[in-house]
Amino acid sequence: MKKQKRLSRVSMQAFLLTAVMVVLSCLLIFAVNYTLSYRDMIDSLQERAGGIYQYLEQNLNVESFSSLNIPDDMRDEEYRELKKMFENIKSVTGVRYLYTAKQADTGEYIYLVDGLPSENEDFRRVGDLIEPEIIPDIERAYQNEIVLPEEIKDTSWGNIFISYFPIHSDAGNGEVIGVVGIEFDAEHQYRTFRWLGMATPAIIAVCCVVAGIIAALLFKRISNPAYRDMANTDLLTGLGNRNAFNVALNNLEALPDKTGIGIVIIDLDDLKQVNDSLGHPAGDEYIRAGGSLAQRFIKPPDVLYRVGGDEFAAFVRGSSAEELAEVVRGVEEAAGDFYDRNGLRVRLSVGCAVFRPGEDAGIADVIERADEAMYRMKKAKKERGNGEKPPQAP
């Protein structure tokens with residue numbers, strides 16, 4: 001028996017089409033969700049920074065931007081009060097770094113008040129120079145611009161969200177006299193989105209393969225059922241056709257144990273005379289009637305097939321020779337009172353056989369014996385004659 005291909009061209013097309021659709025859908029969903037969630041995170045950090053800035057703009061002693069210049073100024077009461085306020089704000093809001101800065105008379109940008117504890121190794125004293133890499137943002141804030149990042153920055157000291165706000169001489173008005181820097185630790189957020197970006201392609205790949213395989217395996221079952229049925233159905237009678245019969249035969253031949261497998265073969269009598277006397281449309285009706293009669297005696301899950309112009313066959317599972325003989329007698333007796341729509345009595349010959357272990361090499365031998373039995377019945381009818389006239393139009 002010829003082995004079927006595991007994946008046909010159509011199945012491969014279904015696999016690829018499904019895979020592409022899954023990839024595009026997953027990428028679209030990921031892009032939308034990632035963008036919205038990332039944007040929401042950035043907006044949340046910006047709002048937190050903006051809230052702190054508004055508080056400082058209203059409560060910060062602007063005189064400190066002119067009075068604080070060198071480390072010795074850290075002994076002044078003014079500095080100590082600002083230092084305490086910054087430490088409290090940092091503790092309450094969870095800010096990583098909070099400090100003020102200004103442009104000194106020399107043109108250099110220097111630190112003023114740092115919210116870090118004085119013993120911290122990153123603590124900056126009054127007058128310490130601003131690091132060169134952040135000076136461009138400080139300069140932008142000095143131009144009365146609020147500097148808010150659109151993404152988390154990956155720096156040598158960690159993943160951070162850092163913003164700069166201008167401080168004015170008159171609580172939100174007047175000239176810019178300094179800058180406040182507000183920095184949040186965003187290590188957790190950065191790691192979450194980084195893993196999301198790494199894991200998503202792997203998840204998409206797995207979903208793509210799984211969906212493609214399912215589509216390829218189920219394609220024939222879920223698509224174009226009418227075409228599938230036409231390939232296995234006799235259009236005249238609605239029974240299984242020769243192709244479906246051969247598939248069933250191959251499946252039965254492949255069984256290691258064929259005990260109890262039988263076959264019934266039914267052949268219409270006088271179809272040629274019906275066609276010659278009344279025409280082929282009448283012959284078609286005669287065939288349909290013969291199939292309808294035989295179908296009465298073939299019970300599901302067994303299937304009746306039209307295997308030739310005037311020949312029908314059915315594999316019967318789990319039957320003995322005696323039980324099949326009863327089926328043959330039932331069909332033959334019913335034919336005595338069964339007429340088609342044209343008023344012609346349906347006449348047929350029937351034969352059957354059951355697989356004989358140790359004697360039959362395969363199902364083909366069973367079919368051959370059933371065929372011989374059917375022809376013996378047909379021959380016996382001809383020899384004794386039935387006394388009936390050839391079919392005539394009513």
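Helices here are DSSP runs of H or I with at least four residues, and strands are runs of E with at least two, both numbered from the N terminus. Good morning. This is a predicted model: local features need pLDDT of at least 70, side-chain atom pairs count only at pLDDT 80 or more, and totals for chains, interfaces and linings use all residues. Residues are numbered from 1 along each chain as its sequence is written, and side-chain values use heavy atoms, with hydrogens and water left out.

First, the overall picture. The protein has eleven helices and nine strands. Of its 394 residues, 42% are buried. Buried means under 20% relative accessible area, exposed means over 50%, and partly exposed lies in between, with a 1.4 Å probe and protein chains only. The accessible surface is about 22500 Å², and carbon and sulfur atoms hold 54% of that. Those areas come from the Shrake-Rupley method with a 1.4 Å probe; for residues, only the protein chains shown count as cover. Now contacts, meaning heavy atoms within 4.5 Å. Among contacts with a separation of 6 or more, 65% join residues 24 or more positions apart.

Next, helix 8. Aspartate 276 and lysine 272 both sit in helix 8, four residues apart, about one turn. They form a salt bridge, with the closest N and O atoms 2.8 Å apart. The criterion is a side-chain nitrogen of Lys or Arg within 4 Å of a carboxyl oxygen of Asp or Glu. Aspartate 276 is exposed at 56% relative accessibility. Lysine 272 is exposed too, at 59%.

The structure holds 17 salt bridges. Take aspartate 269 and lysine 378, whose side chains meet at 2.5 Å, N to O. Aspartate 269 is in the loop between strand 6 and helix 8, and lysine 378 is in helix 11, so the pair ties together parts 109 residues apart in sequence. How accessible is aspartate 269, buried or exposed? Buried, at 8% relative accessibility. Lysine 378 is buried as well, at 13%. Both belong to a salt-bridge network that links Asp267, Asp269, Lys378 and Lys381.

On to helix 10, residues 321–335. Its 15 residues reach 21 Å from first C-alpha to last, close to the 21 Å expected at 1.5 Å a residue. That expectation is 1.5 Å times one less than the number of residues. Leu324, Val328, Gly330, Val331 and Ala335 are its buried residues. Down the axis of helix 10, they fall within an arc of 160°, so they line one face. The arc is taken from the directions from the helix axis to the C-beta atoms. On the other side, Glu322 and Glu333 are exposed. What covers the buried residues of helix 10? The cover includes strand 6, helix 9, strand 8, strand 9 and helix 11.

Glutamate 326 is partly exposed at 49%, and arginine 329 is partly exposed at 39%.

Leucine 344 is buried, at 8%. Its C-alpha lies 9.0 Å from that of valine 274, 70 residues away along the chain.

Last, helix 3, residues 77–93. Its buried residues include Tyr79, Leu82 and Phe86. The buried residues of helix 3 fall within an arc of 165°, so they line one face. Glu81, Lys84, Ser91 and Val92 are exposed on the other side. Just after helix 3, glycine 94 takes a positive phi of about 75°.
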